[in-house]
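Below are some numbered remarks for a colleague who works with computed models. They follow the order in which I would go through the file.

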Amino acid sequence: MIKRYFIPKKHSRFDLPKQYLTSLRSYDPNSRYSKLKGPLFVQIQTVDSCNASCLMCPYSIQKRKEQTNHMDDMLYTKILTDLKKTGTVKVFSPMLQSEPLLDPHIVNRIRQAKNILGQDVVVGIVTNGSLLTPKLTQSLVEAGIDRIEISIDAVDIATFKNVRPGISFSKVIDNTEKILALHSNVQVVVRFLIHAENMGQESEFKRYWRARGADVLFTPVVNRAGFVTDFEKFKRSYSMFSFKHLKKGLWRLSVRFYLGIREPVLCVLPFSWLYILLDGRVVLCCHDWGPLDTVGNLQTQTVEQVWNGEKMNKYRHILWTGKYADSPVCRDCSVVNGM
């Protein structure tokens, strides 16, 4: 099928395996140091709230009651400037553990990221779509956004209400279809998180959204580093999506023949991604909702200092050697422990 939009290769998720291998090859286990000056991918939290109560989200489980907080503008600019200096960033997303469209400054954040990081860096967000009105969408497009990913996870209202309570199914669908009708150069991706509650809906979901010109992304549910307490109730057993399959297949081949180590690194996130909370603290992983630990603070450090800091490289070595139990962030994670 010919896609509705022409999407340059740099916008495609199919580049991820190659870029992940690049980040792994850049790590020297002997010196415990990354040859990269900074991350390839960045997620940054500019707001810490959400308007949904999704089944598989630690935010809903924790039921936070405190007021909404936003990232300081000066800190945001400082981080972008630091990232620009590294010259390594491929993808930037002002979204982490929250609904990014609750940030009243999100349009300016997108515009500023494009201006500072440059047009070659893909800037995008992941949203639940409930606030993505045509007016806001147009503003985001004008600000230069490259990709909008919308998490839907269902093909009918009953499943949606169970999986993503708190937001309107019809509004999300309507907002998404209106984005696709714009015929802009923005890549629109609809996401489907595979778990027990939406079992059997994958084919219909794919058929519906591809017919409307969207890209479709399927991902398996994970336990968010152990923070999803009811994970056993709605996880699914996979064949083609299982991490055990990946271990026996692509990753084993890539590690043995390209990296020269015995066991595959099942998680590549700390080798390629940087995750920044709104107060400047950096967490090892997007799944660390505690956080259980931090690896730096960009209020007092530069991106380069954090990226190759002692703590970050300690965790990389734990992953490289497969000693997941030594990491409070990794030891309960379903990614490294299998589904």
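How close do the axes of helix α4 and helix α5 come, and at what angle do they cross?

1. The helix pair. This is a predicted model. In it, the axes of α4 (residues 106-117) and α5 (residues 134-143) come within 8 Å, and they cross at roughly 15°. An angle under 35 degrees counts as roughly parallel, so α4 is roughly parallel to α5. The crossing of α4 and α5 is right-handed. On the α4 side, the contact is made by V107, I110, R111 and K114; on the α5 side, by L136, S139, L140 and A143.

2. L140. This contact residue of α5 also belongs to the largest nonpolar core, which has 93 residues. F92, L140, I152, W209 and I276 are the members that touch the most other members of that core. With neighbours within four places in sequence left aside, L140 is in contact with L101, V107, I110, I125, L132 and I145. Of these, V107 and I110 are also part of the α4 side of the helix contact.

3. K114. Not counting residues up to four places away in sequence, K114 touches Q119, V121, V123, A143, G144 and D146. A143 in that list is one of the α5 residues in the helix contact.

4. D103. D103 is found in the loop between β4 and α4. D103 is buried, with a relative accessible area of 1%. Its contacts, apart from neighbours within four places in sequence, are T46, V47, H70 and R109.

5. The sheet. Nine strands form an open sheet with mixed pairing, in the order β8-β7-β6-β5-β4-β3-β9-β10-β11. The edges are β8 (215-220) and β11 (296-297); each has a single partner strand, so one side of each is left without a neighbour in the sheet. In general terms, the strands of a sheet pair through backbone hydrogen bonds, either parallel or antiparallel.

6. β3 and its two partners. Strand β3 (residues 41-44) pairs with strand β9 (residues 273-276) in the parallel sense over four bridges. I44 has I276 as its bridge partner in β9; I276 is also among the core residues that touch the most other members. β3 also pairs with strand β4 (residues 91-93), again in the parallel sense, over three bridges. There, F41 stands opposite V91 of β4. Within β3, F41 and Q43 point one way and V42 and I44 the other way, and all are buried.

7. β7. How many of the eight residues of β7 are buried? Eight of the eight are buried, and the strand is mostly covered. From β7, Q187, V189, R191 and L193 point one way, whereas V188, V190, F192 and I194 point the other way. Note that Q187 and R191 are among these buried residues.

8. The neighbours of β7. Strand β6 (residues 147-151) and β7 pair in the parallel sense over five bridges, and the bridge partner of I150 in β7 is V190. β7 and β8 also pair in the parallel sense, over six bridges. In that pairing, L193 has T219 of β8 as its bridge partner.

9. Helix α8 over the sheet. α8 (residues 202-210) lies across β7 (187-194) and β8, and runs at about 155° to β8. W209, one of the core residues that touch the most other members, falls within the residue range of α8.

10. W320. This tryptophan is found in helix α14 (residues 310-321). W320 is buried, with a relative accessible area of 9%. From C-alpha to C-alpha, W320 and C267 are 9.0 Å apart in space, while 53 residues apart in sequence.

11. Overall counts. The protein has 15 helices and eleven strands. Of its 339 residues, 57% are buried. Among contacts with a separation of 6 or more, 71% join residues 24 or more positions apart.

Technical notes
Residues numbered from 1 in each chain as written. Predicted model: local features only at pLDDT ≥ 70, side-chain atom pairs only at ≥ 80, totals over all residues. Heavy atoms only, no water. Pairing = 2+ DSSP bridges. Helix = DSSP H or I, 4+ residues; strand = E, 2+ residues; numbered from the N terminus. Contact = heavy atoms within 4.5 Å. Axes fitted to C-alpha atoms, helices over the stretch in contact; angles between N-to-C directions. Core = buried A, V, L, I, M, F, W, Y, C linked by side-chain atoms within 4.5 Å. Buried < 20%, exposed > 50% of the residue type's maximum accessible area, 1.4 Å probe, protein only. Parallel < 35°, antiparallel > 145°, perpendicular 65-115°, else oblique. Left-handed = near helix turned anticlockwise from the far one by under 90°.
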